[in-house]
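Please go through this model with attention to charged side-chain pairs and to one helix with its surroundings.

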Amino acid sequence: MDAGNTIAAASSAVAIVVVLVAAASSLAAAEAAVPAVYVLGDSLADVGNNNHLLTLLKADFPHNGIDYPGGKATGRFSNGKNFPDFLAENLGLATSPPYLTISSSSSANYVNGVNFASGGAGVFNSTNKDQCISFDKQIEYYSKVQASLVQSLGEAQAASHLAKSLFAITIGSNDIIGYVRSSAAAKATNPLEQFVNALIQSLTGQLQRLYDLGARRVLFLGTGPVGCCPSLRELSADRGCSGEANDASARYNAAAASLLRGMGERRAGLRYAVFDSSAALLRYIERPAAYGFAEARAACCGLGDMNAKIGCTPVSFYCANRTGYVFWDFYHPTEATARMLTAVAFDGSPPLVFPVNIRQLADM
(Lines give C-alpha, C1' and ligand atoms only; values in the text may rest on other atoms or scores of the structure.)
Protein backbone atom coordinates (compact mmCIF):
# COMPACT_ATOMS: atom_id res chain seq x y z
CA MET A 1 0.00 0.00 0.00
CA ASP A 2 1.41 3.40 -0.96
CA ALA A 3 1.54 6.39 1.39
CA GLY A 4 -1.59 7.99 -0.10
CA ASN A 5 -3.67 4.89 0.41
CA THR A 6 -2.30 4.49 3.94
CA ILE A 7 -3.32 8.04 4.85
CA ALA A 8 -6.78 7.55 3.30
CA ALA A 9 -7.32 4.32 5.19
CA ALA A 10 -6.21 5.92 8.43
CA SER A 11 -8.53 8.86 7.84
CA SER A 12 -11.48 6.51 7.21
CA ALA A 13 -10.73 4.60 10.40
CA VAL A 14 -10.60 7.83 12.38
CA ALA A 15 -13.90 8.93 10.85
CA ILE A 16 -15.57 5.63 11.81
CA VAL A 17 -14.30 5.93 15.37
CA VAL A 18 -15.59 9.51 15.60
CA VAL A 19 -19.04 8.43 14.38
CA LEU A 20 -19.17 5.53 16.84
CA VAL A 21 -18.07 7.73 19.74
CA ALA A 22 -20.63 10.38 18.79
CA ALA A 23 -23.41 7.76 18.64
CA ALA A 24 -22.43 6.33 22.01
CA SER A 25 -22.25 9.81 23.51
CA SER A 26 -25.70 10.66 22.11
CA LEU A 27 -27.23 7.52 23.64
CA ALA A 28 -25.49 8.14 26.95
CA ALA A 29 -26.73 11.72 26.96
CA ALA A 30 -30.32 10.58 26.33
CA GLU A 31 -30.10 8.03 29.13
CA ALA A 32 -28.57 10.58 31.50
CA ALA A 33 -31.21 13.16 30.54
CA VAL A 34 -34.04 10.89 31.70
CA PRO A 35 -32.95 8.51 34.46
CA ALA A 36 -36.39 6.93 34.95
CA VAL A 37 -39.97 6.86 33.75
CA TYR A 38 -42.93 6.92 36.12
CA VAL A 39 -46.13 5.83 34.38
CA LEU A 40 -49.71 6.47 35.52
CA GLY A 41 -52.91 5.69 33.68
CA ASP A 42 -55.21 3.02 32.33
CA SER A 43 -55.07 -0.19 30.28
CA LEU A 44 -53.17 1.52 27.47
CA ALA A 45 -50.23 1.67 29.86
CA ASP A 46 -50.81 -1.25 32.26
CA VAL A 47 -47.87 -3.68 32.20
CA GLY A 48 -49.17 -6.07 34.83
CA ASN A 49 -50.65 -4.28 37.83
CA ASN A 50 -54.11 -5.73 37.30
CA ASN A 51 -52.62 -9.22 37.46
CA HIS A 52 -52.49 -8.66 41.23
CA LEU A 53 -56.10 -7.50 41.60
CA LEU A 54 -59.33 -9.41 42.09
CA THR A 55 -60.94 -8.00 38.96
CA LEU A 56 -62.50 -8.93 35.65
CA LEU A 57 -60.32 -6.31 33.97
CA LYS A 58 -57.32 -8.53 33.26
CA ALA A 59 -55.17 -9.48 30.31
CA ASP A 60 -53.00 -12.18 31.87
CA PHE A 61 -54.32 -14.95 29.62
CA PRO A 62 -54.10 -15.92 25.93
CA HIS A 63 -54.30 -14.69 23.28
CA ASN A 64 -52.88 -11.54 24.85
CA GLY A 65 -49.10 -11.50 24.61
CA ILE A 66 -48.96 -13.82 21.60
CA ASP A 67 -46.31 -11.59 20.02
CA TYR A 68 -44.60 -10.52 23.25
CA PRO A 69 -41.10 -12.01 23.74
CA GLY A 70 -41.69 -15.56 24.95
CA GLY A 71 -45.24 -15.54 23.57
CA LYS A 72 -46.87 -15.30 27.01
CA ALA A 73 -49.52 -12.98 28.39
CA THR A 74 -48.03 -10.42 30.77
CA GLY A 75 -51.05 -8.38 31.73
CA ARG A 76 -50.63 -5.99 28.81
CA PHE A 77 -53.87 -5.44 26.91
CA SER A 78 -52.10 -6.15 23.64
CA ASN A 79 -50.79 -8.86 21.39
CA GLY A 80 -47.30 -7.70 22.29
CA LYS A 81 -45.64 -4.60 23.67
CA ASN A 82 -47.50 -1.42 24.52
CA PHE A 83 -46.76 2.29 24.81
CA PRO A 84 -44.62 2.22 28.00
CA ASP A 85 -42.39 -0.45 26.40
CA PHE A 86 -41.73 1.62 23.29
CA LEU A 87 -41.32 4.82 25.30
CA ALA A 88 -38.64 3.17 27.43
CA GLU A 89 -36.89 1.71 24.37
CA ASN A 90 -36.73 5.12 22.73
CA LEU A 91 -35.19 6.56 25.89
CA GLY A 92 -32.64 3.75 26.18
CA LEU A 93 -34.23 2.47 29.39
CA ALA A 94 -35.80 -0.75 30.61
CA THR A 95 -39.60 -0.78 30.88
CA SER A 96 -40.69 0.48 34.30
CA PRO A 97 -42.01 -2.49 36.32
CA PRO A 98 -45.57 -2.64 37.71
CA TYR A 99 -45.83 -1.17 41.19
CA LEU A 100 -47.77 -4.09 42.65
CA THR A 101 -45.03 -6.49 41.55
CA ILE A 102 -42.15 -4.67 43.21
CA SER A 103 -43.84 -2.96 46.17
CA SER A 104 -44.17 -6.27 47.99
CA SER A 105 -40.41 -6.79 47.88
CA SER A 106 -38.40 -5.84 50.96
CA SER A 107 -35.68 -4.55 48.62
CA ALA A 108 -37.96 -2.61 46.25
CA ASN A 109 -35.94 -0.36 43.95
CA TYR A 110 -37.90 2.64 42.73
CA VAL A 111 -35.04 4.67 41.33
CA ASN A 112 -35.26 3.04 37.89
CA GLY A 113 -38.92 3.94 37.41
CA VAL A 114 -42.31 2.48 38.32
CA ASN A 115 -45.52 1.83 36.43
CA PHE A 116 -48.73 2.48 38.40
CA ALA A 117 -51.16 2.19 35.46
CA SER A 118 -54.20 -0.03 35.87
CA GLY A 119 -56.65 -1.31 33.29
CA GLY A 120 -60.03 0.33 33.78
CA ALA A 121 -58.77 3.41 35.63
CA GLY A 122 -60.27 6.81 34.97
CA VAL A 123 -59.96 10.39 36.14
CA PHE A 124 -62.98 9.79 38.37
CA ASN A 125 -62.71 7.35 41.27
CA SER A 126 -66.17 6.07 40.36
CA THR A 127 -64.99 4.80 36.97
CA ASN A 128 -64.80 0.99 37.19
CA LYS A 129 -64.84 1.36 40.97
CA ASP A 130 -63.29 -1.57 42.88
CA GLN A 131 -62.13 -3.16 39.61
CA CYS A 132 -58.87 -1.24 39.17
CA ILE A 133 -56.37 1.08 40.81
CA SER A 134 -58.02 4.50 40.51
CA PHE A 135 -55.94 7.44 39.32
CA ASP A 136 -56.10 8.97 42.81
CA LYS A 137 -54.89 5.68 44.30
CA GLN A 138 -52.06 5.55 41.77
CA ILE A 139 -50.96 9.00 42.92
CA GLU A 140 -51.16 7.81 46.52
CA TYR A 141 -48.90 4.88 45.63
CA TYR A 142 -46.52 7.26 43.90
CA SER A 143 -46.40 9.42 47.06
CA LYS A 144 -45.10 6.34 48.90
CA VAL A 145 -42.46 5.85 46.21
CA GLN A 146 -41.46 9.50 46.49
CA ALA A 147 -41.14 9.19 50.27
CA SER A 148 -39.04 6.04 49.85
CA LEU A 149 -36.72 7.84 47.41
CA VAL A 150 -36.30 10.72 49.84
CA GLN A 151 -35.40 8.25 52.57
CA SER A 152 -32.88 6.37 50.45
CA LEU A 153 -31.35 9.22 48.41
CA GLY A 154 -31.84 12.23 50.64
CA GLU A 155 -34.27 15.06 49.94
CA ALA A 156 -32.09 17.05 47.54
CA GLN A 157 -30.95 14.08 45.44
CA ALA A 158 -34.45 12.61 45.32
CA ALA A 159 -35.85 15.94 44.13
CA SER A 160 -33.16 16.15 41.45
CA HIS A 161 -33.81 12.58 40.31
CA LEU A 162 -37.56 13.10 40.03
CA ALA A 163 -37.15 16.46 38.29
CA LYS A 164 -35.09 14.76 35.56
CA SER A 165 -37.42 11.76 35.29
CA LEU A 166 -40.34 11.56 32.88
CA PHE A 167 -43.91 11.22 34.14
CA ALA A 168 -46.07 9.64 31.45
CA ILE A 169 -49.84 9.89 31.95
CA THR A 170 -52.64 8.41 29.86
CA ILE A 171 -56.06 8.73 31.45
CA GLY A 172 -59.63 9.66 30.53
CA SER A 173 -60.77 7.08 27.96
CA ASN A 174 -62.67 4.93 30.45
CA ASP A 175 -64.51 7.95 31.85
CA ILE A 176 -65.66 8.90 28.35
CA ILE A 177 -66.69 5.35 27.44
CA GLY A 178 -68.69 5.16 30.66
CA TYR A 179 -70.40 8.46 29.88
CA VAL A 180 -71.31 7.47 26.33
CA ARG A 181 -72.74 4.15 27.54
CA SER A 182 -74.80 5.82 30.28
CA SER A 183 -78.56 6.31 29.93
CA ALA A 184 -80.22 9.24 28.20
CA ALA A 185 -81.69 10.24 31.55
CA ALA A 186 -78.23 10.38 33.13
CA LYS A 187 -76.91 12.51 30.28
CA ALA A 188 -79.86 14.86 30.56
CA THR A 189 -78.77 15.79 34.09
CA ASN A 190 -75.09 15.80 33.13
CA PRO A 191 -74.61 17.37 29.68
CA LEU A 192 -71.35 16.71 27.84
CA GLU A 193 -69.84 20.13 28.56
CA GLN A 194 -70.58 19.75 32.27
CA PHE A 195 -69.11 16.23 32.22
CA VAL A 196 -65.86 17.36 30.58
CA ASN A 197 -65.56 20.33 32.95
CA ALA A 198 -65.87 17.95 35.90
CA LEU A 199 -63.16 15.72 34.43
CA ILE A 200 -60.80 18.68 34.07
CA GLN A 201 -61.57 19.93 37.57
CA SER A 202 -60.56 16.56 38.97
CA LEU A 203 -57.53 16.31 36.67
CA THR A 204 -56.36 19.75 37.81
CA GLY A 205 -56.04 18.61 41.40
CA GLN A 206 -54.41 15.33 40.40
CA LEU A 207 -51.73 16.97 38.25
CA GLN A 208 -51.09 19.53 40.99
CA ARG A 209 -50.50 16.73 43.51
CA LEU A 210 -47.99 15.12 41.16
CA TYR A 211 -46.22 18.47 40.78
CA ASP A 212 -46.15 18.92 44.56
CA LEU A 213 -44.56 15.47 44.80
CA GLY A 214 -41.71 16.35 42.43
CA ALA A 215 -42.99 15.74 38.89
CA ARG A 216 -41.39 18.31 36.58
CA ARG A 217 -41.32 16.62 33.15
CA VAL A 218 -44.83 15.53 32.20
CA LEU A 219 -45.92 13.67 29.09
CA PHE A 220 -49.70 13.72 28.76
CA LEU A 221 -51.34 11.44 26.23
CA GLY A 222 -54.82 12.59 25.42
CA THR A 223 -57.51 10.01 24.88
CA GLY A 224 -57.69 8.38 21.48
CA PRO A 225 -60.76 8.59 19.24
CA VAL A 226 -62.64 6.23 21.54
CA GLY A 227 -65.73 6.47 19.36
CA CYS A 228 -63.88 4.50 16.70
CA CYS A 229 -62.94 1.55 18.89
CA PRO A 230 -64.68 -1.64 17.70
CA SER A 231 -66.78 -1.89 20.85
CA LEU A 232 -68.49 1.46 20.25
CA ARG A 233 -68.65 1.01 16.46
CA GLU A 234 -70.52 -2.24 17.01
CA LEU A 235 -73.33 -0.33 18.73
CA SER A 236 -74.18 1.72 15.63
CA ALA A 237 -76.28 0.40 12.75
CA ASP A 238 -73.76 1.46 10.10
CA ARG A 239 -70.75 0.42 12.21
CA GLY A 240 -69.47 3.96 12.06
CA CYS A 241 -67.58 5.82 14.77
CA SER A 242 -69.53 7.30 17.66
CA GLY A 243 -69.59 11.04 17.08
CA GLU A 244 -70.60 11.66 20.68
CA ALA A 245 -67.59 9.78 22.05
CA ASN A 246 -65.14 11.40 19.64
CA ASP A 247 -66.56 14.84 20.47
CA ALA A 248 -66.05 14.11 24.16
CA SER A 249 -62.46 13.02 23.48
CA ALA A 250 -61.70 16.15 21.47
CA ARG A 251 -63.14 18.43 24.16
CA TYR A 252 -61.29 16.64 26.93
CA ASN A 253 -57.98 16.66 25.07
CA ALA A 254 -58.25 20.39 24.30
CA ALA A 255 -59.14 21.22 27.89
CA ALA A 256 -56.30 19.07 29.27
CA ALA A 257 -53.83 20.80 26.94
CA SER A 258 -55.09 24.18 28.13
CA LEU A 259 -54.73 23.04 31.75
CA LEU A 260 -51.11 22.00 31.21
CA ARG A 261 -50.32 25.21 29.35
CA GLY A 262 -51.57 27.19 32.32
CA MET A 263 -49.66 25.06 34.79
CA GLY A 264 -46.51 25.45 32.70
CA GLU A 265 -46.83 29.22 32.93
CA ARG A 266 -47.48 29.29 36.68
CA ARG A 267 -45.49 26.34 38.09
CA ALA A 268 -41.74 26.81 38.35
CA GLY A 269 -39.71 24.19 36.52
CA LEU A 270 -42.67 22.37 34.93
CA ARG A 271 -42.06 21.20 31.37
CA TYR A 272 -44.60 19.19 29.44
CA ALA A 273 -45.54 17.58 26.14
CA VAL A 274 -49.09 16.80 25.04
CA PHE A 275 -49.65 14.06 22.48
CA ASP A 276 -52.92 14.31 20.58
CA SER A 277 -53.37 10.57 20.23
CA SER A 278 -56.90 11.11 18.92
CA ALA A 279 -55.73 13.02 15.85
CA ALA A 280 -52.74 10.72 15.38
CA LEU A 281 -54.79 7.52 15.54
CA LEU A 282 -57.55 8.91 13.32
CA ARG A 283 -55.03 9.12 10.49
CA TYR A 284 -54.58 5.34 10.61
CA ILE A 285 -58.33 4.73 10.93
CA GLU A 286 -59.33 7.02 8.06
CA ARG A 287 -56.48 6.06 5.69
CA PRO A 288 -55.28 2.64 6.86
CA ALA A 289 -53.57 1.60 3.63
CA ALA A 290 -51.43 4.74 3.64
CA TYR A 291 -49.94 3.61 6.95
CA GLY A 292 -49.58 -0.08 6.18
CA PHE A 293 -52.82 -1.34 7.74
CA ALA A 294 -55.38 -3.61 6.13
CA GLU A 295 -58.12 -3.39 8.80
CA ALA A 296 -59.01 -0.35 10.89
CA ARG A 297 -62.58 -1.14 11.96
CA ALA A 298 -62.74 -4.66 13.38
CA ALA A 299 -60.66 -6.05 16.23
CA CYS A 300 -58.01 -8.67 15.59
CA CYS A 301 -59.00 -10.75 18.62
CA GLY A 302 -62.52 -11.27 19.93
CA LEU A 303 -65.90 -12.83 19.19
CA GLY A 304 -69.04 -11.69 17.43
CA ASP A 305 -69.60 -8.98 14.86
CA MET A 306 -66.33 -7.12 14.17
CA ASN A 307 -64.80 -9.31 16.93
CA ALA A 308 -66.32 -6.69 19.22
CA LYS A 309 -69.09 -8.50 21.13
CA ILE A 310 -66.67 -10.25 23.47
CA GLY A 311 -63.08 -9.32 24.22
CA CYS A 312 -59.91 -11.28 23.62
CA THR A 313 -60.12 -14.53 25.61
CA PRO A 314 -58.58 -17.98 25.20
CA VAL A 315 -61.63 -19.06 23.16
CA SER A 316 -61.70 -15.97 20.94
CA PHE A 317 -60.70 -15.90 17.31
CA TYR A 318 -57.62 -13.89 16.43
CA CYS A 319 -56.19 -12.69 13.14
CA ALA A 320 -53.05 -14.06 11.54
CA ASN A 321 -51.80 -10.73 10.21
CA ARG A 322 -51.65 -8.77 13.44
CA THR A 323 -49.39 -6.07 12.01
CA GLY A 324 -52.19 -5.29 9.54
CA TYR A 325 -54.76 -4.45 12.23
CA VAL A 326 -55.11 -1.12 14.02
CA PHE A 327 -57.02 -2.67 16.95
CA TRP A 328 -56.01 -5.75 18.91
CA ASP A 329 -59.27 -6.19 20.82
CA PHE A 330 -62.49 -4.23 21.12
CA TYR A 331 -60.76 -1.32 22.89
CA HIS A 332 -56.98 -1.53 22.57
CA PRO A 333 -54.45 -0.98 19.77
CA THR A 334 -52.13 -3.65 18.42
CA GLU A 335 -48.42 -3.64 19.13
CA ALA A 336 -47.88 -2.27 15.61
CA THR A 337 -50.20 0.67 16.27
CA ALA A 338 -48.63 1.40 19.66
CA ARG A 339 -45.16 1.39 18.11
CA MET A 340 -46.17 3.84 15.39
CA LEU A 341 -47.98 6.18 17.77
CA THR A 342 -44.99 6.25 20.12
CA ALA A 343 -42.68 7.12 17.23
CA VAL A 344 -44.88 10.11 16.39
CA ALA A 345 -45.00 11.25 20.01
CA PHE A 346 -41.24 10.87 20.32
CA ASP A 347 -40.10 12.71 17.18
CA GLY A 348 -43.25 14.33 15.79
CA SER A 349 -44.25 17.96 15.62
CA PRO A 350 -47.31 20.16 16.23
CA PRO A 351 -50.24 19.79 16.02
CA LEU A 352 -49.86 16.09 16.90
CA VAL A 353 -47.40 16.64 19.76
CA PHE A 354 -46.81 20.04 21.35
CA PRO A 355 -45.29 22.37 22.48
CA VAL A 356 -42.39 19.92 22.21
CA ASN A 357 -42.06 16.23 21.43
CA ILE A 358 -40.77 13.60 23.84
CA ARG A 359 -37.19 13.79 22.57
CA GLN A 360 -37.14 17.55 23.09
CA LEU A 361 -38.77 17.22 26.50
CA ALA A 362 -36.10 14.71 27.50
CA ASP A 363 -33.36 17.14 26.43
CA MET A 364 -34.73 20.06 28.46
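The paragraphs below take up the salt bridges, then a helix and what covers it.

This is a predicted model, in which local features need pLDDT of at least 70 and side-chain atom pairs count only at pLDDT 80 or more, while totals for chains, interfaces and linings use all residues. Residues are numbered from 1 along each chain as its sequence is written, and side-chain values use heavy atoms, with hydrogens and water left out.

A search of the whole structure finds 11 salt bridges, a salt bridge being a side-chain nitrogen of Lys or Arg within 4 Å of a carboxyl oxygen of Asp or Glu. One of these joins Lys187 and Glu244, with an N to O distance of 3.1 Å. Lys187 belongs to helix α7 (residues 184-188) and Glu244 to helix α10 (residues 243-266), so this pair ties together parts that are 57 residues apart in sequence. Helices here are DSSP runs (H or I, at least four residues), as are strands (E, at least two), numbered from the N terminus. Lys187 is buried at 18% relative accessibility, whereas Glu244 is partly exposed at 33%. Buried means under 20% relative accessible area, exposed over 50%, and partly exposed in between (1.4 Å probe, protein chains only).

An α-helix has 3.6 residues a turn, so residues three or four places apart point the same way. Arg251 is partly exposed, with a relative accessible area of 36%, and Asp247 is partly exposed at 32%.

Another salt bridge pairs Arg359 with Asp347 at 2.5 Å, N to O. Arg359 is in helix α13 (residues 358-363) and Asp347 in helix α12 (residues 335-347), so the pair ties together parts 12 residues apart in sequence. Both ends are partly exposed: Arg359 at 39% and Asp347 at 44%.

Next comes helix α8. At 1.5 Å a residue, the 21 residues of α8 (residues 192-212) should span 30 Å, and the end C-alpha atoms are 30 Å apart, which agrees. The expected span is 1.5 Å times one less than the number of residues. The buried residues of α8 include Leu192, Phe195, Leu199, Leu203 and Tyr211. Among the elements that cover the buried residues of α8 are β1 (37-41), α4 (135-153), β3 (166-170) and α10. Just after α8, Gly214 takes a positive phi of about 105 degrees.

How values were computed:
Contact means heavy atoms within 4.5 Å.
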